[in-house]
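Trainee: I would like to understand how the words used for a structure follow from its values. Could we go through some of them slowly?

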Amino acid sequence: MSEIVPDDKDWTWTLERPCPDCGFDPTTVDGPDIASLVTAYTTPWTDVLARPDVAARPNPSTWSPLEYACHVRDVCDLFADRVQLMLDEDGARFANWDQDVTAVESAYAAQPPVVVASEIPVAAARLSAAYAGVSGSQWERRGVRSNGSEFTVLTLGRYGLHDLRHHVWDVGASVD
């Protein structure tokens, strides 16, 4: 299996305009909608993970649906932690998270699909609950990623939603 080329693109542009690939438009998402959209954007993974070829990469340099699913699970957990950190500490600083290193160290490609399928709803529920509890001025609390990118609780939610929706698109599934 070839090594995946690390994704070092700055995806924060997805906070300003629609994604030409998956169609996610951050300007249409209000804070109170984030919790339900997390659920909507993670529900397709049950069917994706039941595919007979779920562990097959479409090409040597692209993650398999299984690897994407593991990433989605971990994104939900990471973002739930970051939301809580921002609510606890305005101006919170996020530790670096290298998704490509995590994929290798956690052996995404070797994880049992049935286990991942059971873990995604749990992680998604945790992220959804974090956003369901946000109100008022909490939406404007801030956090700073290790590369200096600044987010509010609202923009972090929109950023995370794009990631979740984009990966459903990556594997040819639908959220509709």
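Mentor: Let us begin with a term: a cavity is a set of grid points where a 1.4 Å probe fits but cannot get out. With that in mind, and remembering that this is a predicted model, a search of the whole structure finds one cavity of 30 Å³ or more, and the volume of the largest cavity is about 30 Å³.

Trainee: How do you know which residues line the largest cavity?

Mentor: A lining residue has an atom within 4 Å of a point of the cavity, and the residues that line the largest cavity include Ile34, Phe79, Tyr131, Gly157 and Leu164. Helix 6 gives the largest share, five residues, and by class the lining has eight nonpolar, two polar and no charged residues.

Trainee: Why is helix 3 called roughly antiparallel to helix 6?

Mentor: Helix 3, residues 65–88, packs with helix 6 at an angle of about 175°, and their axes are 11 Å apart. Angles over 145 degrees count as roughly antiparallel, and therefore helix 3 is roughly antiparallel to helix 6. Among the residues in this contact are Phe79 and Met86 in helix 3, and Leu156 and Leu164 in helix 6.

Trainee: What makes Thr152 buried?

Mentor: Buried means under 20% relative accessible area, and Thr152 is called buried because its relative accessible area is 6%. Thr152 lies in strand 3, and, not counting residues up to four places away in sequence, Thr152 touches Met86, Trp139, Glu140, Arg141 and Arg142.

Note on methods:
Residues numbered from 1 in each chain as written. Predicted model: local features only at pLDDT ≥ 70, side-chain atom pairs only at ≥ 80, totals over all residues. Heavy atoms only, no water. 1 Å grid on protein atoms, 1.4 Å probe; cavity = no way out; pocket = protein on both sides within 12 Å on 5 of 7 lines; lining within 4 Å. Points joined across faces, edges and corners; volume = space filled by probe spheres on them. Helix = DSSP H or I, 4+ residues; strand = E, 2+ residues; numbered from the N terminus. Nonpolar A, V, L, I, M, F, W, Y, C, P; charged D, E, K, R; others polar. Buried < 20%, exposed > 50% of the residue type's maximum accessible area, 1.4 Å probe, protein only. Contact = heavy atoms within 4.5 Å. Axes fitted to C-alpha atoms, helices over the stretch in contact; angles between N-to-C directions. Parallel < 35°, antiparallel > 145°, perpendicular 65-115°, else oblique.
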